[in-house]
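Hi everyone, thanks for coming.

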Amino acid sequence: MNDSDQQYDFIIVGAGSAGCVLANRLSADPAHRVLLLEAGGADVNPWIHIPVGYFKTMHNPATDWCYRTEPDVGIAGRSLQWPRGRVLGGSSSLNGLLYVRGQPQDYDRWAELGNQGWSFSEVLPYFKKSEDQEHGADAYHGVGGPQKVSDLRLRRPIAEFFIKAATQVGIPFNKDYNGETQEGVSYFQQTAYKGFRWSTAKGFLRPARKRANLTVLTRAQTTRLLIEGTTAVGVEYLKGGQTHRAMAAREVILSAGAIGSPQILQLSGVGPRALLDKVGVPLVKDLPGVGRNLQDHLQIRLVFKTSQRTLNDEVNNIFKQAWVGLQYVLTRTGPLTLAASQVAIFTRSNPNVERPDIQFHMQPLSADKPGDGAHKFSAFTSSVCQLRPYSRGYLEIRSKDPLQHPAIYPNYLSDERDHQVAIDGIKVARRISQAPALAPHIIDEYVPGRQYQSDEELLEAARKYSQTIYHPTSTCKMGHDESAVVDDRLRVHGIRNLRVVDASIMPEIVSGNTNAPTIMIAEKGADLILEDAHAS
């Protein structure tokens with residue numbers, strides 16, 4: 001072991017959506033020595049910075065952890081790929097760029113569960129603090145923050161027809177789903193600026209790296225926490241084939257994400273006693289909730305063949321490919337600026353639901369699965385997901401080997417209450433496709449196909465034709481019950497000087513994409529850390 005006795009005030013594990021924010025905010029005071037550890041490399045791959053580049057960076061071991069779930073009976077025994085960023089910026093460097101905050105009621109619900117300080121009125125200032133909104137500041141948006149938020153730079157006729165069709169079936173147009181209300185149909189907002197992806201590495205970390213008190217180590221994989229008694233004092237990590245240690249005078253902060261953070265806790269002896277006994281990790285603290293309460297958004301993908309030309313036609317034609325490339329180089333517009341989806345819908349699966357419980361991602365293209373090449377025919381994709389699923393999964397380490405991926409069990413559609421929402425979501429998608437503005441342009445429902453009609457058949461289709469939207473959360477949930485891992489100041493129960501600050505602390509998944517809420521969590525987490533540091 002190469003123990004270089006590195007000393008810092010704060011050690012942040014993971015330079016992803018949350019870690020880059022923390023590195024910026026905690027190092028703003030030159031008195032704080034901050035170490036940021038990232039298992040992946042620098043964000044130098046040019047495809048990271050081209051918005052549509054997620055087709056190249058997902059499932060690429062150079063930038064992606066390349067996790068896979070265990071076979072899941074809820075989705076017909078399939079195993080899904082779960083991309084997670086393994087690079088500076090984490091998943092904000094390879095996600096679909098969609099900027100969605102969720103619903104105010106999501107955060108009010110967190111507060112109702114006993115988490116003081118997490119109501120919507122209390123977290124809204126942190127959303128605004130991070131944001132540099134293209135349309136300017138108002139009651140819900142900020143300007144001047146490190147996170148650029150802009151409109152899409154791509155429009156296609158099929159998307160306009162889709163939006164019109166949604167309004168024809170009673171879904172209102174909403175120009176700002178991150179504003180007063182989320183419900184409605186609109187184009188997505190994205191984390192991009194002038195045609196480039198705007199990750200947290202670019203917005204938060206890059207300007208902070210010039211600070212002498214911030215050390216950033218890439219290709220440094222944290223293997224375990226160093227805990228003396230019940231106090232976290234540092235971390236152990238691998239870099240250059242050698243084991244190193246770094247010591248924290250104040251705090252260790254896990255920001256390794258909803259998979260990495262619980263994995264590191266379990267490897268360090270903090271987790272369910274039975275699991276740690278089984279794999280031979282000495283118990284430090286019996287915390288049954290570590291790795292439990294796993295939640296994700298499962299999207300059911302409908303693909304419609306169209307008479308209207310779509311992006312499929314552009315990406316499958318070598319001459320049009322050349323034009324697409326030239327258009328991007330010259331104007332930073334066109335298909336290479338495409339976020340993961342163009343059109344967002346937040347609506348209700350049935351009229352009796354109190355607030356929107358399903359979300360659509362409409363793409364003016366189609367493929368057999370995300371990351372695959374586009375179909376050879378004109379088509380668009382209309383994916384629908386349940387925003388607040390009842391199903392819960394879990395993950396657990398397989399052994400003491402920190403380089404072995406944990407076993408991930410999402411348990412999709414395991415709660416029967418999720419079945420009807422999946423069925424009704426497909427029905428809403430079909431109603432939109434049959435509206436006057438869209439129906440004349442549709443040739444056929446390619447996936448799942450009109451042969452699926454009864455509720456039983458639609459549930460079967462949901463199991464067969466669904467994919468993750470890459471929103472794992474809640475595996476180190478915030479709260480005060482027996483299954484909680486952190487308190488409402490994000491401190492790990494029973495371990496001093498240790499926090500978790502990332503999407504894993506969500507008690508319940510938010511109603512939408514998870515990158516913007518994760519940035520907010522880090523903004524608030526940084527304030528909590530600094531408040532406690534100043535009070536000590």
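Let's begin with S391: leaving out residues up to four places away in sequence, S391 touches L294, Q295, N411, Y412, L413, S414, D415 and D418, where contact means heavy atoms within 4.5 Å. Before I go on, a word on the basis: this is a predicted model, in which local features need pLDDT of at least 70 and side-chain atom pairs count only at pLDDT 80 or more, while totals for chains, interfaces and linings use all residues. Residues are numbered from 1 along each chain as its sequence is written, and side-chain values use heavy atoms, with hydrogens and water left out.

So where does S391 sit? It lies in the loop between strand 20 (379–386) and strand 21 (394–396); strands here are DSSP runs of E, at least two residues, numbered from the N terminus.

Is S391 buried or exposed? S391 counts as buried because its relative accessible area is 7%; buried means under 20%, exposed over 50% and partly exposed in between, with a 1.4 Å probe and protein chains only. Its side chain reaches two backbone nitrogens: that of S414 at 3.0 Å and that of L413 at 3.4 Å.

Now over to R489, in the loop between strand 24 (466–468) and strand 25 (498–500). With 21% relative accessibility, R489 is partly exposed. Beyond its neighbours within four places in sequence, R489 contacts R499, L528, E531 and D532. With D532, the side chains make a polar contact at 2.9 Å, that is, a pair of N or O atoms within 3.5 Å, where within protein one must be able to donate a hydrogen and the other to accept it, and residues adjacent in sequence count only if both atoms are side-chain atoms.

Technical notes: Helix = DSSP H or I, 4+ residues; strand = E, 2+ residues; numbered from the N terminus.
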